[in-house]
Amino acid sequence: MDEMVIHGGRPLSGAVHIHGAKNAALPIMAASLLTEGPTVLHRVPRLRDVETIAGILNSLGVTTRWVGPQTLRLVPHWSAAYVARFDLVRQMRGSVCVLGPLLATRGAAVLPQPGGCVLGERPIDLHLKGLRGLGAVIQAGAPCIYARADRLRGARVSLAGPHGSTVTGTANVLMAATLAEGRTVIEGAACEPETQDLAAYLSACGARIGGIGTRTLTVDGVKRLRGVEHSIIPDRIEAGTLAAAAAATGGEVTLEGVRPDHMEATLEALERAGAECRVEGDSITVRRTGPLRPVNLVTAPYPGFPTDMHPQLSALLCLARGRSTIRETIYPERFTYAGELSRMGARIARADATAVVEGPAPLHGAAVRATDLRAGAALVVAALAACGQTILSGVDQVDRGHQCLEERLGALGADICRRQAEPAERSEKKSA
Ligand code: EPU
């Protein structure tokens, strides 16, 4: 197992090019199951989650090959396979996005039931409701989901849930609807940039989708979709994380190749906290020269402040003078990062679904663990600003969403490296 060693206190400075969005790449890769002919995807991040979905697709008849550093060619072959590889699906909740395409093309799908995770329960009832609305018959008792549909028929379905819409649920129903008979209207649809990117890809393949970017999607089913070339949108969360790191260290970093329009809520939060964010075309320069200010944030579906930026902003706000709050409305359990940040001197209390951050906390290095991807990103932000050495374990979580993070931060002037963790017994003996 790898760990990261970070010596904090160096302001980040320079420019960094932002990778493609993992959460857009995953469903678009799954959508290749729907097409006839190859798809070529540009700006695909080289991440473990991408390899996981590629492995699942391979077992379902899609060959995948890297044909450039960030370019992936997917070729669907005729296959009747409809059982997704359980070992791979279990590694990543996002792989549930093969459900809709399998139903649409194979008339059946079998997947392991995705369990809860550190973010909370994370049910998929809305996915199932939407697909049942299109005529699928689904048994979803533990431990598996068995779904079948002799023929999918367009219908009016609502995906509005207690926490807003569902991003992957919208992807599943949207993909299934593209090849269903007749018109589907998806109400309460997610309108995240990643959902819009999927809809843009499907439209280029020949799908007839109206209302892209709104809460109501209208899909007129077509008989077939073709493969196309498509560029994945830049990762707004990777960009936001690096922006938070620039602000936390009092540095100046230019994020290149971004979509500033996808990042408005994050940029507004950073500016309210005292960072200057200058947008020029597809780049954003984030700079902080003065002290940080406390802010109150509430996570919300797009275009609101993204839950996937909550932990990183908490880490930043530890350094602001005064009390900040972040109310979490998407994942009521997204607070495991707070305990780890406390080891570094942060003063964060949880009040129901709100993180209350008291600052400024003199952050110091510590041995901490990434419990999930964004928690790990928050710990990296804190460690870069902290005094002394931080040893971050659970780096595989960070790797799920960040390609070569330590190299990129190193190029911006951070003192960060990756090493293999010593086996527990050896390091215990050493310290004894
Ligand atoms: N929900 C339901 N029923 C459902 C589906 C979701 O109640 O059937 C609830 C969830 O429990 C949650 C909320 O609705 O409270 C939103 O869940 P959603 O389905 O939108 O999340 P997701 O599609 O599983 C994606 C991203 C997450 C990101 C969320 C919210 C992917 C692969 N994952 O998850 O990304 O936090 O949308 O924006 O796209 C991450 O990248 O670190 C990550 C967790």
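In this predicted model, a salt bridge (a side-chain nitrogen of Lys or Arg within 4 Å of a carboxyl oxygen of Asp or Glu) joins the side chains of Arg418 and Asp2, with an N to O distance of 3.2 Å. The pair links distant parts of the chain. Arg418 lies in strand β25 (residues 415-420) and Asp2 in strand β1 (residues 2-7), 416 residues apart. Helices (H or I, at least four residues) and strands (E, at least two) are DSSP runs, numbered from the N terminus. Arg418 is partly exposed at 26% relative accessibility. Asp2 is also partly exposed, at 30%. Here buried means under 20% relative accessible area, exposed over 50%, and partly exposed in between (1.4 Å probe, protein chains only).

The model is predicted: local features need pLDDT of at least 70, side-chain atom pairs count only at pLDDT 80 or more, and totals for chains, interfaces and linings use all residues. Residues are numbered from 1 along each chain as its sequence is written, and side-chain values use heavy atoms, with hydrogens and water left out.

Arg272 pairs with Glu268, the closest N and O atoms being 3.9 Å apart. Arg272 is partly exposed, with a relative accessible area of 36%. Glu268 is partly exposed at 46%.

Glu340 is buried, with a relative accessible area of 13%. Elsewhere, salt bridges that share partners join Asp2, Asp399, Glu406 and Arg418 into one network. The count comes to 24 salt bridges.
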